[in-house]
Amino acid sequence: MHERTYLDHNATAPIRPEARAALMDALDATGNGSAVHGEGRGARATIEAARAKVAALVGADARGVVFTAGGTEADTLALTPDFFRGEERLGCDVLITSAVEHAAVLRGHRFPVEQVDVLAVDSRGRVELEELDVALAHHAEAGRRALVSVMLANNETGVIQPLAEVARRAHAHGALVHTDAVQAAGRIPVSMRALGVDLMSLSAHKIGGAPGSGALVIADPDLRPAPVFSGGGQERGRRAGSENIPSIAAFGAAAASAGSAVEDEVVRIDALRERLESALRCEFPELVLLVGDVERLPNTSCVALPGVPAENLVIALDLAGVAASAGAACSSGKVTASHVLSAMGVPERIARSAIRLSFGWSSGEEDVDRALGAFRRVWPGLLRRARAA
Ligand code: PLP
């Protein structure tokens with residue numbers, strides 16, 4: 001039995017020790033954050049401390065942080081035609097998004113489908129800015145306000161979008177701008193102010209927090225998206241329901257830990273990925289590195305052995321002790337190419353073979369060694385199958 005190597009941080013990162021400690025402390029404390037007694041005030045203090053840490057991770061005002069149950073809920077909360085500031089309604093008539101967004105955006109938004117424009121991406125997976133300009137001008141001329149949603153970094157490829165430029169162009173047409181930063185936050189330095197976005201989605205379990213919490217961060221704390229569900233007035237009326245305090249506490253601790261080390265971690269993780277990719281390139285010439293020459297997260301690698309279905313490679317690596325994941329989606333037993341790679345124009349035969357390897361805070365040199373060892377063991381068998389296909 002080989003020691004396990006976890007290279008699937010983009011799916012879920014292992015919980016950080018600081019987050020685990022905060023989670024356990026909060027589990028042991030009783031109190032509803034809305035109660036006025038001492039226990040309630042203690043719970044409130046835990047929530048507000050976490051809120052400040054999450055805000056600091058992305059350079060935002062803590063009052064703009066709305067805790068949710070995860071990244072999916074944050075995206076759905078953000079992507080509504082109805083915003084309010086005080087009594088004033090700030091309506092958005094159309095959603096402009098990109099073809100490579102996560103399903104939480106593409107399927108989770110609250111716009112009628114006929115009010116959604118999906119922008120193409122280039123062969124490196126970056127949004128076509130000229131196409132964005134055309135869409136913005138078209139809707140502005142027709143008197144329609146747009147909500148633009150473009151992710152900061154892609155979950156399958158790690159490709160980083162030119163978001164500051166997207167926000168600048170969108171604002172010039174009076175649009176609101178949302179970004180799904182679920183994969184970017186904690187992995188690269190992120191500043192909401194520098195990016196100039198209005199709304200940003202985050203998820204705790206991607207940065208070493210516990211599952212069950214995320215946040216929508218709103219640059220203007222007085223801007224309110226229509227709530228997803230109604231009930232109590234928690235989160236300043238923006239998200240009803242008693243808060244998941246243990247998970248929120250862990251989220252805060254993970255955000256503080258990830259944020260304090262992010263500059264050094266970018267360098268460390270990039271070196272691990274570089275070592276893995278150059279060894280793979282050199283030892284396995286049949287392997288295709290799908291994304292290289294473009295700004296991308298330091299932790300994500302997307303590779304394919306053309307002719308070998310992605311799930312076969314994932315299973316072979318799993319049996320050899322390495323947790324990776326398939327870029328392709330499998331539904332009803334039929335493997336389809338990932339919509340991200342298809343949008344980039346990657347041929348279907350290659351896209352259906354693509355797998356993702358993603359490092360994170362718990363990764364070290366030994367993971368690269370073990371991953372390379374696993375590739376060496378599974379390669380001859382896979383290559384035979386690829387040649388026979
Ligand atoms: N957005 C992106 C880019 C993601 O990668 C994910 C999860 O994979 C989500 C949103 C959904 O986040 P959660 O799992 O917290 O709902």
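Guide: Let's start with β12 and strand β13 (residues 300-304), which run antiparallel and are joined by two bridges. Keep in mind that this is a predicted model.

Visitor: OK. Which residue stands opposite V288 in β13?

Guide: That's A304.

Visitor: And what order do the strands of that open sheet come in?

Guide: The order is β12-β13-β18-β15, four strands with antiparallel pairing. β12 (288-289) and β15 (325-326) are the edge strands, each pairing on one side only.

Visitor: Which helix packs on the sheet?

Guide: That would be α8, which touches β12, β13 and β18. The direction of α8 makes about 15° with that of β13.

Visitor: While we're on α8, what about A249? Is it buried or exposed?

Guide: A249 sits in helix α8. The relative accessible area of A249 is 11%, and the cut-off for buried is under 20%, so A249 counts as buried.

Visitor: Which residues is A249 in contact with, leaving aside its neighbours within four places in sequence?

Guide: A22, A26, T46 and A50.

Visitor: And how far apart are A249 and A374 in space?

Guide: They're 37 Å apart, C-alpha to C-alpha, and 125 residues apart in sequence.

Visitor: New topic: aromatics. How many aromatic pairs does a search of the whole structure find?

Guide: Four. One of them is F67 with F251: the ring centres are 6.1 Å apart and the planes sit at 65°, so this pair is edge-to-face. The angle cut-off for that label is over 60 degrees.

Visitor: Where in the chain are F67 and F251?

Guide: In distant parts that the pair links: F67 is in strand β2 (residues 65-68) and F251 is in helix α8 (residues 245-283), 184 residues apart. Both F67 and F251 are buried.

Visitor: Why is the pair of F375 and W379 tilted?

Guide: Their ring centres are 6.1 Å apart with the planes at 50°, so the pair counts as tilted. F375 and W379 both belong to helix α12 (residues 365-388), where they are four residues apart, about one turn of the helix.

Visitor: Why does that spacing matter for where side chains point?

Guide: An α-helix has 3.6 residues a turn, so residues three or four places apart point the same way.

Visitor: Where does the kink lie in α12?

Guide: At W379, shortly before the proline P380, and the kink is about 45°.

Visitor: How far apart are the end C-alpha atoms of α12?

Guide: They're 35 Å apart. At 1.5 Å a residue, the 24 residues of α12 should span 34 Å, which agrees.

Visitor: What covers the buried residues of α12?

Guide: The cover includes β1 (5-6), α8, α9 (310-319), β14 (322-323) and β18 (354-358). Among the buried residues of α12 are D367, V368, A371, L372 and L382.

Visitor: Let's switch to the sheet with seven strands. What order is that one in?

Guide: That open sheet goes β2-β10-β9-β8-β7-β5-β6, with mixed pairing. β2 and β6 (116-119) are at the edges with a single partner strand each, so one side of each has no neighbour in the sheet. The twist averages 20° from one strand to the next.

Visitor: In which sense do β5 and β6 pair?

Guide: Parallel, over four bridges, with strand β5 covering residues 94-98. T97 stands opposite V118 in β6.

Visitor: And β7 with β8, how many bridges there?

Guide: Three, and that pairing is parallel. S149 has H178 in β8 as its bridge partner.

Visitor: How many residues of β8 are buried?

Guide: Five of its five, so to speak of cover, β8 is mostly covered. L176, H178 and D180 point one way from β8, while V177 and T179 point the other way.

Visitor: Last one: which helices lie across β7 and β8?

Guide: Helix α6 (residues 163-172) lies across β7 and β8, running at about 160° to β8. Helix α3 (residues 71-78) lies across β2, β7 (146-149), β8 (176-180), β9 (199-203) and β10 (214-218), and runs at about 165° to β9.

Notes. Residues numbered from 1 in each chain as written. Predicted model: local features only at pLDDT ≥ 70, side-chain atom pairs only at ≥ 80, totals over all residues. Heavy atoms only, no water. Phe/Tyr/Trp six-rings, centres within 6.5 Å; stacked < 30°, edge-to-face > 60°. Buried < 20%, exposed > 50% of the residue type's maximum accessible area, 1.4 Å probe, protein only. Pairing = 2+ DSSP bridges. Axes fitted to C-alpha atoms, helices over the stretch in contact; angles between N-to-C directions. Contact = heavy atoms within 4.5 Å. Expected span 1.5 Å × (residues − 1). Bend = angle between axes of the 7 residues up to and from the residue.
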